[in-house]
Amino acid sequence: MKVTVLGCGSAYGVPLIGGDWGGCDPSNPKNRRTTPSILVEQGDTKFMVDCGPDFRVQAERHAIKVLDGILYTHPHADHIVGNFHLPMLMRYYDNKNLPLFADRATKKEIEKVWWFQNDPKIDVEYYGNGRPYWVEIIPNFPFMVGSLSVLPLLQYHGKMNSIGYRIGNFAYSTDLNDMPDQSWDQLKDLDVWIVESDSESPTKMHSHLEQTLEWIARLKPRKAYITHLDYTMDYDRISAKLPENVFLAYDGLEINL
Ligand SMILES: [Zn+2]
């Protein structure tokens, strides 16, 4: 299985619009971060987790066209706004449909801001016959995407919930400040864990570096990569203080499992 980090930035990316690099060194390409998303591939199976505002650029960089699905973690804008581009992507699907995997709350929120999948007036000549469609997921109930089994795990993200995903000995946990014991129990014996730390400062919705490192020390994955990095998280400065099996993610990072 191959996991590609399409984007490791926090909601507004690095640099911020207008070119504000914050504490990040602009001369290091690993500090240039698009919005958070990963691509998972094994054999003929290929799917993304989340589809944020930078999806168009990420799809071009990584030749993303036909997918077996898009999985959503939660409905914050930096994880769903790329849906705007799905009508254009569907031109490559012929008659194939595209499953969108989300829990009920996320589906409901996405439907408030995004009309495409239910619009009866869609121009078939322009967009083709393929359509996105919803598949509702429930935490702790595994589901199949292509040939891969995926386990969704409940997370706490401030006052809302989000979903993490475990696929074999890999897991992706972004946008959380904690999770229930049942989810922690499902994250044992990982080869690779991608987990968030938005910054070094505690906030109500995200984890911060000290807490994330505690989680990693407790779960003991073979390797961990930290994602959802804001513009205070300079790659070299933060990397210098990480344990030897812990790394910062960067856009384009490929992890082979
Ligand atoms: Zn969020």
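Predicted model: local features only at pLDDT ≥ 70, side-chain atom pairs only at ≥ 80, totals over all residues.
**Exercise 1. Decide whether alanine 63 is buried or exposed, and locate it in the chain.**

Start with the surface. Alanine 63 has a relative accessible area of 60%. Buried means under 20% relative accessible area, exposed over 50%, and partly exposed in between (1.4 Å probe, protein chains only). Alanine 63 is therefore exposed.

Residues are numbered from 1 along each chain as its sequence is written, and side-chain values use heavy atoms, with hydrogens and water left out.

Now place the residue. Alanine 63 sits in the loop between H1 and S4. Helix H1 spans 55-61, and strand S4 spans 69-71. Such labels are DSSP runs numbered from the N terminus: helices are H or I with at least four residues, strands are E with at least two.

**Exercise 2. Which residues are the protein donors of the zinc ion, and which chain parts does the pair of histidine 76 and histidine 157 tie together?**

List the donors. They are His74 (NE2), His76 (ND1), His157 (NE2) and Asp175 (OD), at 2.2 to 2.3 Å from the zinc ion. Donors are N, O and S atoms within 2.8 Å of the metal (3.2 Å for Na, K and Ca); water is not among the atoms, so sites may look incomplete.

Read the spacing. Along the chain, the zinc donors follow H-x1-H-x80-H-x17-D. Histidine 76 is in the loop between strand S4 (69-71) and helix H2 (77-80), and histidine 157 is in strand S8 (residues 148-157), so the pair links parts 81 residues apart in sequence.

Histidine 76 is partly exposed, at 25% relative accessible area. Histidine 157 is buried, at 0%.

**Exercise 3. Describe the surroundings of S8 and find its partner strands.**

Begin with burial. Seven of the 10 residues of S8 are buried, so the rest of the structure largely encloses this strand.

Then pair S8 with S7. Three bridges join strand S7 (residues 143-145) to S8, and the two run antiparallel. Two strands pair if DSSP finds at least two bridges between them. Methionine 144 stands opposite serine 149 in S8. S7 and S8 form a hairpin with two residues between them. In its turn, glycine 146 has a positive phi of about 55°.

Then pair S8 with S9. Here seven bridges connect S8 to strand S9 (residues 160-167), again in an antiparallel run. Leucine 153 has glycine 164 in S9 as its bridge partner. This hairpin also has two residues between the strands, and glycine 158 takes a positive phi near 65°.

**Exercise 4. How many residues of S11 are buried, and which way do its residues point?**

Count first. Strand S11 (residues 192-196) is mostly covered, with five of its five residues buried.

Next, recall the rule. In a regular strand the side chains alternate between the two faces of the sheet.

Sort the residues. Val192, Ile194 and Glu196 point one way from S11. Trp193 and Val195 point the other way, and all are buried.

Strand S10 (residues 170-173) runs parallel to S11 and is joined to it by four bridges. Tyrosine 172 stands opposite isoleucine 194 in S11. Five bridges join S11 to strand S12 (residues 223-227), also parallel. Glutamate 196 has threonine 227 in S12 as its bridge partner.

**Exercise 5. Where does isoleucine 238 lie, and how many residues separate it from glutamate 200?**

Isoleucine 238 is in helix H8 (residues 235-239). At a relative accessible area of 0%, isoleucine 238 is buried. Isoleucine 238 and glutamate 200 are 38 residues apart in sequence and 9.4 Å apart in space, C-alpha to C-alpha.
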